[in-house]
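Let's take a friendly walk through this structure together. Have a look at it first, and then we will follow a few of its side chains.

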Amino acid sequence: MNRREELATNLEAVKARIKNPHVTLIVVTKTYPTSDVQILHELGVRDFGENRNEEGLEKSAAVQGRWHYQGEIQSRKLRDIAQWADVVHSLDNSGHISKLSNVAAKPVSYTHLRAHETGRN
């Protein structure tokens, strides 16, 4: 089995397990090469997740899609992340929202802000 066949088989197995039509499958690309991301794009994947800024920069430049940043964000990396990420998951510092808005070249969506930073429970 070649790499394309392996990825296609695994992708179909994951899709078969998703019963809710409103769920968005985000394929996490951490530690996998850009060539795998390109194959997955050819197989129809459009949402990719990454938690390493350097890899996100490289892969998003090579493969079009909707890129998700997942994981903790260091303030000094906000500017770089804002250049490639379309969606930022699990912000844990409310100050990062305004910083991202100020440095982003495009609108960035936020999917979760932990309650302890917002003052809400």
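This is a predicted model: local features need pLDDT of at least 70, side-chain atom pairs count only at pLDDT 80 or more; totals for chains, interfaces and linings use all residues.

Now for the way aromatic rings meet. A pair of aromatic rings is described by how far apart the centres are and by the angle of the planes. Searching the whole structure turns up three aromatic pairs. In one of them, the ring centres of Trp-67 and Trp-84 are 6.4 Å apart and the planes stand at 80 degrees, so this pair is edge-to-face. Trp-67 belongs to strand E3 (residues 66-69) and Trp-84 to helix H4 (residues 78-84), so the pair ties together parts that are 17 residues apart in sequence.

Trp-84 also pairs with Tyr-69: here the centres lie 6.0 Å apart with the planes at 65 degrees, so the pair is edge-to-face. Because Tyr-69 sits in strand E3 and Trp-84 in helix H4, this pair ties together parts that are 15 residues apart in sequence. Step back, and you can see a cluster in which ring pairs link Phe-48, Trp-67, Tyr-69 and Trp-84.

Let's move on to another helix. In H5, which spans residues 95-103, the residues His-96, Leu-100 and Val-103 are buried. Around the axis these three cover an arc of only 75 degrees, which puts them on the same side of H5.

How values were computed: Residues are numbered from 1 along each chain as its sequence is written. Side-chain values use heavy atoms; hydrogens and water are left out. Rings of Phe, Tyr and Trp (its six-membered ring) pair if their centres lie within 6.5 Å; planes under 30 degrees apart count as stacked, over 60 as edge-to-face and the rest as tilted. Helices (H or I, at least four residues) and strands (E, at least two) are DSSP runs, numbered from the N terminus. Buried means under 20% relative accessible area, exposed over 50%, partly exposed in between (1.4 Å probe, protein chains only). The arc is that of the directions from the helix axis to the C-beta atoms.
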